[in-house]
Amino acid sequence: MNKRNTFESVKINPKSEKILAQLLEENPEVHEILTESAGEKEVYANLRKWILDQIDEDSFALKYYSNEISGRDAFRKLKWKELGAIRILDYIDHEGMEYDDPNLRGERYYNYPIRILWLAVTQGTGGGKPPFFRDMLHLLRQINGKSHREFPDQQRILEWMDRHPSGLDPEIVQIRQANRDRILNQFIRKIEEGEINGSFLELDPSWSHEKKFNKMLEWWNSKLFHLKMAIRSPELLNEMLDHSLDPDTMDVLYQAREAGIPFFVNPYYLSLLDTRANSKYTGADQAIRDYIIYSKELVEEFGHIVAWEKEDIVEAGKPNVAGWILPEGQNIHRRYPDVAILIPDSMGRACGGLCASCQRMYDFQRGNLNFNLEKLKPGETWPDKLERLMEYFRNDSQLRDILITGGDALMSSDKSLKRILDAVYEMALNKKNDNESRADGEKYAEMVRVRLGTRLPAYIPHRIDDALIKILSQFKKKALKIGIKQFVIQTHFETAMEVTPEAKKAVGKLISAGWIVTNQQVFTAAASRRGHTAKLRKVLNDIGVLPYYTFSVKGFMENYHNFATNARSMQEQTEEKRIGVVSSTNYEKIRTFTEDPVRISHSVHDLLEEEDAPFIGTDRNVLNMPGVGKSLTFRTVGITREGRRILSFDHDHTRRHSPVIDKMGDIMIVESKSISDYIDQLEDMGEDIKEYESLWGYSLGETEERMPIYEYPEYDFTVTDQLTNFSIRESETSS
């Protein structure tokens with residue numbers, strides 16, 4: 001459907017008229033252009049001239065706009081007014097272009113921001129909604145000087161951080177213990193009344209309540225308890241939360257069940273929610289709550305969710321969208337030359353809970369992922385299949401890094417995990433031996449990094465026990481001898497409120513095994529509040545964890561509730577994370593952290609003292625792009641009549657990509673939420689929206705540099721340029 005014709009005659013509403021009147025009053029020159037120009041084309045020409053007259057023709061901004069210069073250094077030199085000027089020029093350049101909008105289930109959308117404004121002024125039509133006009137008002141304020149960007153000082157950022165408590169704070173610890181006791185007493189009652197039974201949970205009726213409780217407390221400290229006793233229904237969830245959920249929330253959860261959305265939250269993670277009325281910590285657990293409670297948009301879209309990461313669509317023997325030919329099934333995912341993901345046929349396909357904004361919700365929709373833990377146990381054929389999958393890594397010329405995830409790598413039993421790691425060891429050894437017969441320049445990349453992706457330190461820290469640590473320690477000891485140098489637990493803490501004493505203990509054990517622990521945070525709306533992510537970085541640093549990525553929420557309308565705009569990610573990176581930016585003179589010092597992971601906490605502490613910083617921001621704020629990889633290099637080139645921005649993304653030029661990247665155009669993303677609606681959501685969370693005033697002006701970005709600690713170690717030989725397991729399908733390379 002042609003959206004231009006659909007909305008040309010639609011009148012704007014009174015609220016839009018009011019915002020438009022303010023815009024015209026503040027910008028008389030723009031008012032004159034829109035009313036005096038002889039037609040649409042003249043509007044574009046006069047508006048372009050008005051912008052260019054305000055910028056010197058030899059200016060830095062024009063060189064950036066025309067792509068004569070680019071990169072982080074160039075981005076840092078752009079003035080606030082120039083950012084707005086570039087956006088106006090990009091709007092004009094992209095006027096009339098057509099895009100798919102997966103947020104509207106694939107409808108085509110014609111990008112006409114200037115035309116919508118012109119029609120509103122001259123005819124009172126165009127269908128523009130208040131969020132559209134609010135965005136345009138702030139854009140023109142950025143250009144006319146009414147909007148300024150003032151960087152908050154360190155003291156202000158520390159005050160923002162202090163708003164967000166940690167799960168290690170003594171009072172929070174006490175609240176969680178009371179929650180645990182309440183949940184355990186609920187389970188005791190259900191066992192006594194026969195609602196729960198089975199060989200796993202047996203309480204002698206003759207025992208006193210105290211003895212029963214102590215037995216339950218003993219079970220609480222085991223992984224098995226939290227998996228067996230996971231809450232799978234809205235009714236039980238509300239009961240375990242002391243009936244604190246409101247009727248509207250319950251209605252959404254009932255609808256989610258009817259839609260077929262799996263529900264799985266374990267008792268430990270549930271104990272992190274504050275159910276008390278009039279608590280001074282109201283809202284502190286919002287980032288956790290939004291991981292458990294589904295939104296109405298997710299429920300409405302389930303069944304219509306479109307795969308975000310197109311390279312995850314695998315056909316045996318055919319290249320994926322990134323050009324990589326993969327084995328049959330859904331066990332190996334790949335987008336880069338150096339690394340591939342292994343998803344085992346085991347309980348590692350499941351998680352300790354289902355995150356509401358999970359990047360693999362598409363696979364839950366298709367039934368590829370689920371929480372039927374019995375069915376997910378590996379079958380007798382898995383060892384043979386694992387051996388075949390390892391041959392893929394062995395015979396690939398560029399793979400040097402394996403990320404074992406799922407699901408969750410640590411959901412696998414000790415036996416299954418050991419089998420996988422042993423297979424990785426044998427593959428790496430064979431790959432190394434194969435190179436002995438190859439000449440320098442023809443040698444294949446050897447394995448240098450092994451990673452385990454897991455959220456269990458946050459979801460079920462009890463999983464990290466001595467038996468697991470023994471497996472990890474033994475693997476590292478023998479793998480070091482064959483050239484594997486980096487051993488990484490890649491975890492996912494979303495908020496400082498997830499960093500509990502149990503989580504701290506679990507992380508300490510992982511580090512004691514000689515593995516470095518890094519974190520990937522998803523930048524949800526609740527996690528995007530001022531100071532929240534900065535506080536998480538600090539608390540993680542304190543327990544020896546290094547931030548790795550801060551991801552914008554992926555997906556389309558199904559993740560509307562949790563989506564924080566990419567402008568906010570740029571604002572957080574530019575204004576808040578800057579107090580944790582490491583001096584380049586200390587890059588080499590950071591690089592050595594992987595050499596002695598056991599001392600990581602001391603190393604981080606020493607660096608913080610030297611830098612006089614509250615945390616070290618070793619993470620990069622990025623969006624995981626379909627087919628292009630991780631990037632925050634973008635320009636805002638349009639905006640829908642609802643105020644949702646249209647972003648043109650380029651790939652991250654600081655890392656190596658599949659050659660397909662050279663044949664791809666920019667990736668167009670239509671955001672699911674307007675800046676206006678996002679700010680209203682923040683206000684509903686109790687935020688002072690005046691603190692976000694500069695948010696409107698962040699309309700382009702450049703991907704941050706990668707910290708040296710995350711670079712691959714060098715080989716003492718030259719790897720071949722040949723690509724194996726690769727082919728380009730011309731039909732797949734256009735955006």
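Let's start with Tyr-710. Tyr-710 is buried, with a relative accessible area of 8%. Buried means under 20% relative accessible area, exposed means over 50%, and partly exposed is in between, using a 1.4 Å probe and protein chains only.

Some ground rules. This is a predicted model, where local features need pLDDT of at least 70, side-chain atom pairs count only at pLDDT 80 or more, and totals for chains, interfaces and linings use all residues. Residues are numbered from 1 along each chain as its sequence is written, and side-chain values use heavy atoms, with hydrogens and water left out.

Helices (H or I, at least four residues) and strands (E, at least two) are DSSP runs, numbered from the N terminus. Tyr-548 is buried too, at 7% relative accessibility. Tyr-548, Tyr-549, Phe-551 and Tyr-710 form one aromatic cluster.

Rings can also sit under charges. The charged end of Arg-334 is over the ring of Trp-324, 3.7 Å from its centre. Arg-455 lies over the face of Tyr-459, 4.3 Å from the ring centre. The test is that NZ of Lys or CZ of Arg is within 6 Å of the ring centre and within 35 degrees of the ring normal.

Take Asn-621, in strand 10 (residues 620-625). Is Asn-621 buried or exposed? Asn-621 is buried, at 0% relative accessibility. Its side chain makes a polar contact with the side chain of Lys-577, at 2.6 Å. Another polar contact, of 3.2 Å, links the side chains of Asn-621 and Glu-572. A polar contact is a pair of N or O atoms within 3.5 Å; within protein, one must be able to donate a hydrogen and the other to accept it, and residues adjacent in sequence count only if both atoms are side-chain atoms. Beyond its neighbours within four places in sequence, Asn-621 is in contact with several residues, including Arg-537, Thr-550 and Glu-704. Contact means heavy atoms within 4.5 Å.

Asn-562 is in the loop between strand 9 and helix 26 (566-576). Asn-562 is buried, at 5% relative accessible area. A polar atom of its side chain lies 3.4 Å from the backbone oxygen of Asp-290.

Ser-16 belongs to helix 2 (residues 14-26). Ser-16 is buried, with 0% relative accessible area. Its side chain reaches the backbone oxygen of Gly-128 at 3.3 Å. Leaving out residues up to four places away in sequence, Ser-16 touches Gly-128, Lys-129, Pro-130 and Phe-133.

Now a helix. Helix 12 (residues 209-220) has twelve residues, which should span 16 Å at 1.5 Å a residue, and its end C-alpha atoms are 16 Å apart, which agrees. The expected span is 1.5 Å times one less than the number of residues. Which residues of helix 12 are buried? They are Lys-212, Phe-213, Met-216, Trp-219 and Trp-220. Down the axis of helix 12, the buried residues fall within an arc of 115°, so they line one face of the helix. That arc is taken from the directions from the helix axis to the C-beta atoms. What covers them includes helix 11 (170-192), helix 13 (223-228) and helix 16 (267-270).

Helix 29 (residues 675-684) has buried residues as well, among them Tyr-678 and Leu-682. The buried residues of helix 29 pack against helix 9 (130-144), helix 26 and strand 13 (645-650). Just after helix 29, Gly-686 takes a positive phi of about 95°.

Last, the backbone. His-243 is not a glycine, yet its phi is positive, near 55°. His-243 is in the loop between helix 14 (234-240) and helix 15 (247-259). His-243 is exposed, at 56% relative accessibility. Finally, a cis peptide bond joins Gly-406 and Gly-407, with omega about 15°.

Technical notes:
Rings of Phe, Tyr and Trp (its six-membered ring) pair if their centres lie within 6.5 Å; planes under 30 degrees apart count as stacked, over 60 as edge-to-face and the rest as tilted.
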